[in-house]
Amino acid sequence: MKKKLKLKVSAIKDGTVIDHIPAKNLFKVISILGLDKIENQITFGTNLDSAKLGAKAIIKVSDKFFEDYEINKIALIAPHAKLNIIKDYEVAEKKIVEIPERIKGIAKCFNPKCITNHEVITTCFKVIKTDPIALKCRYCEKITAEDQIKML
Amino acid sequence: MKKDLISITDFSKEEYLRIMELAADFEENPNQDLLKGKVVASLFFEPSTRTRLSFETAINRLGGRIVGFADPDSSSATKGETLHDTIKMVSNYADIIVMRHPLEGAARYAAEVSSVPVINAGDGANQHPTQTLLDLYSILKTQGTLDNLNLFMVGDLKFGRTVHSLLQAMSVFENPIFNFISPESLQMPRAYKHHLEERGIRYFEHEEFTDIISAADIIYMTRVQKERFSDPIEYEKVKDIYILNKAMLENTKPNVRVLHPLPRVNEIATDVDSSDKAYYFEQALNGVFTREAIISHVMNLK
């Protein structure tokens, strides 16, 4: 019988826990959410075992709460991320990340002949499929597949 | 709010029909001074004699004046000016911009930057909507309808932007059937077949170019280019298969017409030119009337 192992990551009083981040994307998530620029107390763990993801990362940010549109920015690189909103050490709310209909300014268009790779333009994609993810560029109309997605 | 034409899908079915209506009007009466006092910027960042002359003829027949350039060497792009800055400047001078650019998405971006309407005359391998509209007009003129047609598309269906676009446009009409004839490596891409499947539209794929064309209402020919093959031996094997000659038209329907976006190399034998069913040169002429219609519609001139 398998022993259930629990990782002890310090509990936070108020704030947000982001769980089920693919370990390889931890730092991208931190960057996209601007967590490397804020003063709040942050704890994170990475390369933790996950049945679903293989290796996962978890971030706990004290005294920070995210709007839906903010958190959905990580949907491309952490589509199965789960959020626990903590208030007074208790889980007050659970949220999941939802892939938005449009992705702006986060991903690169894979087409080298797309105008967005030649001039300073905020990329914009329509999400045409979610599993696996497929992004249609607003400009060149080509589809960037999940394995081709590169972050800006 | 200004109107642009960047992709064929920007227009609704009603707008396609409106363009057909206007094109017929301009065919009957090509010289109408609707652009009098207006300046049209013709910006060809990539050379294109046929499309450019067609547009410039249309503009002239509408009484408009043209400014612009015909190739990138004579534009400020050589000084390193961004597309953004060029378009911002030109939209201050002109009332409408017609643009061809080698990069995909350039026209969409130009439309965002410009305060005046933008018509895409071709952006890289992406869209060429005015070609599609003139193809639609040609089909309507020769078949009397855009519904219930059997469309054969032959040649390079993988990279051919004209066939992709025509497929999208024709899929809004009633009950089309598509027949694709191409080498295996140049088949119609999955995304377009999916587009048809989603709409319950029937399509068939063939590798051989045979008398199945006897069922066709339209035969749309495209060129099979050597550069598109990763294996030159494969090209040698197929290069002569997708050629239409006059004898092949013997058992076809009387209403069938052969279309080609031009330039034609060897995929349509010259003996086809004398057939009643050859339509590719008239198709090019329809381009002038269709472009007059597009400019007119986009600028709300009539």
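The model is predicted: local features need pLDDT of at least 70 and side-chain atom pairs count only at pLDDT 80 or more, while totals for chains, interfaces and linings use all residues. Residues are numbered from 1 along each chain as its sequence is written, and chains are lettered from A in the order in which they are written.

**Chain A**
- Two helices and eleven strands make up the secondary structure of chain A; helices (H or I, at least four residues) and strands (E, at least two) are DSSP runs, numbered from the N terminus.
- The order of elements from the N terminus is β-α-β-β-α-β-β-β-β-β-β-β-β.
- Along the principal axes, the C-alpha atoms of chain A fill a box of roughly 50 × 40 × 20 Å.
- Of the 152 residues in chain A, 32% are buried (20 or more other C-beta atoms within 10 Å of the residue's own, with C-beta atoms placed from the backbone).
- Among contacts in chain A with a separation of 6 or more, 60% join residues 24 or more positions apart; a contact means C-beta atoms, placed from the backbone, within 7 Å.

**Contact between chains A and B**
- Chain A gives 14 residues to the contact and chain B gives twelve.
- On the chain B side, helix H3 (83-93) and helix H4 (106-113) each give two or more residues.
- H4(B) has the largest share of that side, three residues.

**Domains of chain B**
- Chain B is divided into domain 1 (31-127) and domain 2 (130-284), with bounds from an automatic or database domain assignment.
- The C-alpha centres of the two domains of chain B lie 29 Å apart.
- Six residues of domain 1 are in contact with five residues of domain 2 in chain B.

Notes: Buried ≥ 20, exposed ≤ 12 C-beta atoms within 10 Å, placed from the backbone. Contact = placed C-beta atoms within 7 Å.
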